[in-house]
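Here's a quick tour of one model, written for someone who likes to see the cut-offs. Have a look at the structure, then read on.

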Amino acid sequence: MNNPNLPLVYHANYSFNFDPKHRFVMSKFARLYQEVDALGLIHNNVYSPEPGNPSPLESVHCEQYVWDLWRNQLDAKMMRHIGLPWSEQLMARTFTAPLGTLKTAELALKHGIACHLAGGTHHAHYDFGSGFCMVNDLAFTATHLLENNQITNALIFDLDVHQGDGTAAMLKHNPYVYTCSIHCEKNFPFRKHASDLDIGLEVGISDTHYLEIVAHTLESLLVDLNPDIVLYDAGVDVWQGDNLGKLDISWLGIAKRDALVLTLCQKHGVPVATVIGGGYDKDHQRLAKRHAIVVQQAAKL
Ligand SMILES: [Zn+2]
């Protein structure tokens, strides 16, 4: 039985007309929305953030950086590091998505669980972007919730296959947000920034061992930290067929992972907000199906 009231967060500006040959699949957000709809998970449960701009992001990012980015005034080297061509539509989605992650977290605090059909831009740093990430929705959301006294502490549990270097660096001096990244060690970013807990996996790890590590790690963090919220980056680039992955996690393995993360949070009474994180595939529809896994698992709770 699916929970018809599972809150979902989405904005129509997340996807826009974009080079279909680019490694970053810009259509995946709209495709994911359609996929979730086809699964019968959309009723009156979809919330949208307001279209964003750099102002709210000044709370965690360098003011100069976010406004230079917004106005297309970053130099070519900084844009190359981001890896996406500047456009007004790209800016609209980039500055709206963090507000979507914040909304998702607020809905999770109210309802116990909520899913963002975007988010997880964990390679964005204080004053530069990297790896398709320009602003860090996870650092922004956790900081905003703390500053507004909506929570006293948070756990960012990042299972994208790439290390959450930007999140780690941006929250390094924040004792109220615990960052945990479980990723492939020999993968981007090659210069890692220390999270509160980093688990670097061997290339080619498969389901059983991976799921044991995830379960054991999350269980102990929930017990030790008793967080007011978990922000869960459910990156699907751990999949064995992912273009940028290097792990050997099956499709079923991802479903089991997401089910176990969400069930553990529920068991410990901790609200959980999910973001989709990374996923790379020449088959764009298959990628959308992969990102829908976490929503399907959330709807089953
Ligand atoms: Zn990734």
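Proline 189 sits in the loop between β5 (177–184) and β6 (197–201), with strands taken as DSSP E runs of at least two residues and helices as H or I runs of at least four, numbered from the N terminus. Phenylalanine 188 and proline 189 are joined by a cis peptide bond, with omega at about -5°. Over in the loop between α5 (137–147) and β4 (154–158) you'll find asparagine 149. Its phi is near 55°, a positive value in a residue other than glycine. For context, most residues other than glycine have a negative phi, and most peptide bonds are trans.

This is a predicted model, so local features need pLDDT of at least 70 and side-chain atom pairs count only at pLDDT 80 or more, while totals for chains, interfaces and linings use all residues. Numbering starts from 1 along each chain as its sequence is written, and side-chain values use heavy atoms, with hydrogens and water left out.

## α7 against α8

Helix α7 (residues 207–225) packs on helix α8 (residues 251–267) at about 15°, with axes 10 Å apart. The axes are lines fitted to C-alpha atoms over the stretch in contact, and angles run from 0 to 180 degrees between N-to-C directions. The two helices are therefore roughly parallel, a label for angles under 35 degrees.

On the α7 side, the contact (heavy atoms within 4.5 Å) includes Tyr210, Leu211 and Val214, and on the α8 side Leu260, Val261 and Leu264 are among the partners.

## α8 against α9

α8 also packs with helix α9 (residues 284–300), at about 30° and with axes 8 Å apart. That makes this pair roughly parallel too. Contacting residues include Trp251 and Ile254 of α8, and Ile293 and Val294 of α9.

How values were computed:
Angles under 35 degrees count as roughly parallel, over 145 as roughly antiparallel, 65 to 115 as roughly perpendicular and the rest as oblique.
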